[in-house]
Structures are given as structure tokens and as C-alpha cells.
Amino acid sequence: MAGRCRRVELRGQGMNSRRRLSVRATAAAPPPPVDYADTSATGADADYVASLKVKLLSAVSGLNRGLAASQEDLDRADAAARELEAAGDGPVDLSRDLDRLQGRWRLVYSSAFSSRTLGGSRPGPPTGRLLPITLGQVFQRIDVVSRDFDNIVELELGAPWPLPPVEATATLAHKFEVIGTSGIKIDFEKTTVKTKGSLSQLPPLEVPRIPDNLRPPSNTGSGEFEVTYLDGDTRVTRGDRGELRVFVVA
């Protein structure tokens, strides 16, 4: 997610599923394009498509949204996603289906998280031994009228003993536009951090934006992805750096 760093259900993730993350930028080769035509399932009935959705969600379950994914897990998820993508009537047409993007979506899987960083194949937020970051739920909130596109990340920030961890929500605000038939381009606007729990009375903090001339080439403040599957409750996207992401309606 561009401009990304990502407790609505923070404790629901379970302590055993939490990972302490370090931050590094990684390069990812883009996967081959989806072949919508090379399938006998084109035009498949609703029951068949539903079975492919279950197959994909089963493939990514237990992977802690990709943080615990091995290469074998990545390959299995990609194959299941391609089956679902190919089972429709071709590429998503956002000129017709844009309203389906509307609402709040929960991230259930990102192949980029296998890099063990919050940024995936992009730089993540600063962290270290004295300030570990635990990732909670990640959401996208999309308004097709105002063209607002917010990445919402639930975080737990470690603090030196004996201080308790700090729970916070980081909202990365973007504007979006449709590119071509099924592409989305997002442009970063600002990051706002709101503390929760015992510190919830503190006002939101807007994180200063890095000036464009000081921003590294890998962090341009914008990004693009293709919506490769979209229905009333499930969305699959493929990013400009090869990231596969799966969302369900929250």
C-alpha cells in the first residue's frame, strides 16, 4: 500500500499469532498477468465461484495475513487466486462495478507481508528492539463519491519496561482514481495516528509528510494496483510491485 506503514480486533488475533517486525525494503518481481481466457470455468455458475472463494480463503487462513507465509504458502495462495480470477467473465470493469468498491474492507492476506515488514515490498515504519511494532487488523475504507481511499492499520507499540504497550490506529489517507478498465491509482495525502485504551483521550496526531525532494525513490507517495476479482463480499487485487492482496467486507 502506498504511503503505508497497516484494536478493532487486535486482541482477536491472539498473542500467538503476533509477530515482531523489522523493517527493510525488498524487491519483488511482478507475477505473470492473469490469463482470464485460459480456463473452462469462464461463466461458471455461482456455486462454482463460491467454491473457489472458499478455496482461496482456506489457502490463506492461518497465515496471519501473510506474515507467517512460506514460499509454498505464497504459491498456493497465488494459484487459488488465479482460479478465482479466471472464473469470472473476464477482467473487472470498474466503469460498471465501481460501486462495489464502496465501504470498509478487511485485509485477510497480503503476499507482501511475507517480507516480515509493515511496508511489504515498500519501506515500512521505523522500528527496532526498543520499539517493536505488532500488527493488528488492517482495513481499507473506500468512498467512491469523494474518491477517498484510507488504509487503516491497528498497531501495538512496545514500550520500555515497566511501561505498558501503546495501542494505536494509523490512518493513511489517499485519493484514488480509476486507471483503464480495472486499475486504481492512489495518491498519498496524510497519516493520522490515534491512540486507544488508557491513552484514548489524547487527540489525533497528524504525522508530518516528508517533503517530495527528501523522499526516497522507493517511496513516491503513490501506487497502482489492479482489481482482478470483485463481488459483493470479496476483493482480490494485484499491486504494481507484484503484491497479491485478498479482502473481505468488514
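Residues are numbered from 1 along each chain as its sequence is written, and side-chain values use heavy atoms, with hydrogens and water left out. Because the model is predicted, local features need pLDDT of at least 70 and side-chain atom pairs count only at pLDDT 80 or more, whereas totals for chains, interfaces and linings use all residues.

The protein contains three helices and nine strands, where helices (H or I, at least four residues) and strands (E, at least two) are DSSP runs numbered from the N terminus. From the N terminus on, the order of elements is α-α-α-β-β-β-β-β-β-β-β-β. Of the 250 residues in the protein, 47% are buried; buried means under 20% relative accessible area, exposed over 50%, and partly exposed in between, with a 1.4 Å probe and protein chains only.

In soluble globular proteins, nonpolar side chains tend to be buried together. A nonpolar core is taken here as a set of buried Ala, Val, Leu, Ile, Met, Phe, Trp, Tyr and Cys residues joined through side-chain atoms within 4.5 Å. The largest such core has 26 residues, and Leu 101, Phe 176 and Ile 184 have the most contacts inside it. At least two residues of this core are supplied by each of strands E1 (103-110), E2 (133-143), E3 (148-157), E4 (166-179), E5 (183-195) and E7 (222-230). The largest share, four residues, comes from E2. Apart from this core lies another, of 20 residues, which includes Val 49, Leu 56, Val 60 and Ala 80.

With contact defined as heavy atoms within 4.5 Å, Leu 101 touches Leu 94, Ile 142, Val 144, Ile 184, Leu 230 and Arg 235, not counting residues up to four places away in sequence. Leu 172 lies in strand E4 and is buried, with a relative accessible area of 1%. The C-alpha atoms of Leu 172 and Val 193 are separated by 8.8 Å, although these residues are 21 residues apart along the chain.

Helix H1 (residues 46-60) packs with helix H2 (residues 71-86) at an angle of about 165°, and their axes are 9 Å apart. Axes are lines fitted to C-alpha atoms, for helices over the stretch in contact, and angles run from 0 to 180 degrees between N-to-C directions. The angle makes H1 roughly antiparallel to H2, because angles over 145 degrees count as roughly antiparallel, under 35 as roughly parallel, 65 to 115 as roughly perpendicular and the rest as oblique. H1 contributes Val 49, Leu 52, Lys 53, Lys 55, Leu 56, Ala 59 and Val 60 to the contact, and H2 contributes Arg 76, Ala 77, Ala 80, Ala 81, Glu 83 and Leu 84.

Most residues other than glycine have a negative phi, and most peptide bonds are trans. The peptide bond from Trp 161 to Pro 162 is cis, with omega near 10°, and Pro 162 is found in the loop between E3 and E4. Asn 64, in the loop between H1 and H2, is not a glycine but has a positive phi of about 50°. At 12% relative accessibility, Asn 64 counts as buried. Arg 147, in the loop between E2 and E3, is likewise not a glycine and has a positive phi of about 65°. At 30% relative accessibility, Arg 147 counts as partly exposed.
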